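Please look at the chain below and follow its path slowly from one end to the other. The report after it goes from strands to helices, then to a single loop residue and the chain as a whole.

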Amino acid sequence: VSPQCPANKDWTTENWFPATYNEIREKFRIDTNRVYLTGLSLGGEGTWYISEQYPHIFAAISPVCGRVSHIPSILKESEEISSLPIWIFHGALDKVYSVKESDKIYSLLKDLNPNIRYTRYPNLGHGATHDTTYKDPELYNWFLSHYNIK
């Protein structure tokens, strides 16, 4: 499922996630122990925000080129996601969202979370990071290696 953020809104504008998640669970057969969250750019920001709000739902998350500076609570109360497996991706040449965004959250979480990884592509910008990350089967294998036990 790939929700798109409406124009002139961000992921924090409305409390849309619970209703969307419940609708998906009602309409489709999903393994609720294997729900993963990833997004790129604004979706990477959304990945941070949604996982902070509902960490118990996800088996693992992977924000790609996401910023965290617009989510002050995640920088202050990062323990909400400190037990989630997280794989962060960001390109050092990103001109849309600075790589410092991912550097900052990684620095904050690395001592709290033994299940965090960070791929910082030294020669990639914003779009190339998306393409490279989502073409790599290792990400999907990594997702599938994680599951919630409820």
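Which residue in β4 does H90 stand opposite? H90 stands opposite R120 in β4. This is a predicted model, in which local features need pLDDT of at least 70 and side-chain atom pairs count only at pLDDT 80 or more, whereas totals for chains, interfaces and linings use all residues. Residues are numbered from 1 along each chain as its sequence is written, and side-chain values use heavy atoms, with hydrogens and water left out.

**Strands and crossovers**

Helices (H or I, at least four residues) and strands (E, at least two) are DSSP runs, numbered from the N terminus, and two strands pair if DSSP finds at least two bridges between them. Strands β3 and β4 run parallel and are joined by six bridges. Between these two strands the chain passes through α4, and this β-α-β crossover is right-handed, a term which applies if, with the strands pointing away from the viewer, the path from the first strand over the helix to the second runs clockwise.

Strands β1 (residues 36-40) and β2 (residues 60-64) also run parallel, with five bridges joining them, and L37 stands opposite I61 in β2. Here the chain crosses from β1 to β2 through helix α2 (residues 42-53), and this β-α-β crossover is likewise right-handed. The covered face of β1 has L37 and G39, while Y36, T38 and L40 are on the uncovered one.

| α4 (residues 99-109) | V99, E101, S102, I105 and L109 | 155° |

The arc is that of the directions from the helix axis to the C-beta atoms. An α-helix has 3.6 residues a turn, so residues three or four places apart point the same way.

Contact means heavy atoms within 4.5 Å.

**A residue in a loop**

I71 lies in the loop between β2 and α3, and at 3% relative accessibility this residue counts as buried. Leaving aside residues up to four places away in sequence, I71 touches E45, W48, Y49 and E52. The C-alpha atoms of I71 and E52 are separated by 9.6 Å, although the two residues are 19 residues apart along the chain.

**The chain as a whole**

The chain has six helices and four strands, which follow the pattern α-β-α-β-α-β-α-β-α-α along the sequence. The radius of gyration, taken over C-alpha atoms, is 15 Å, close to the 15 Å that the globule rule (2.2 Å times the number of residues to the power 0.38) gives for 150 residues, so the chain is as compact as a globular protein of that length. Of the 150 residues, 45% count as buried. Among the contacts with a separation of 6 or more, 70% are accounted for by residues 24 or more positions apart.

Conventions. Buried < 20%, exposed > 50% of the residue type's maximum accessible area, 1.4 Å probe, protein only.
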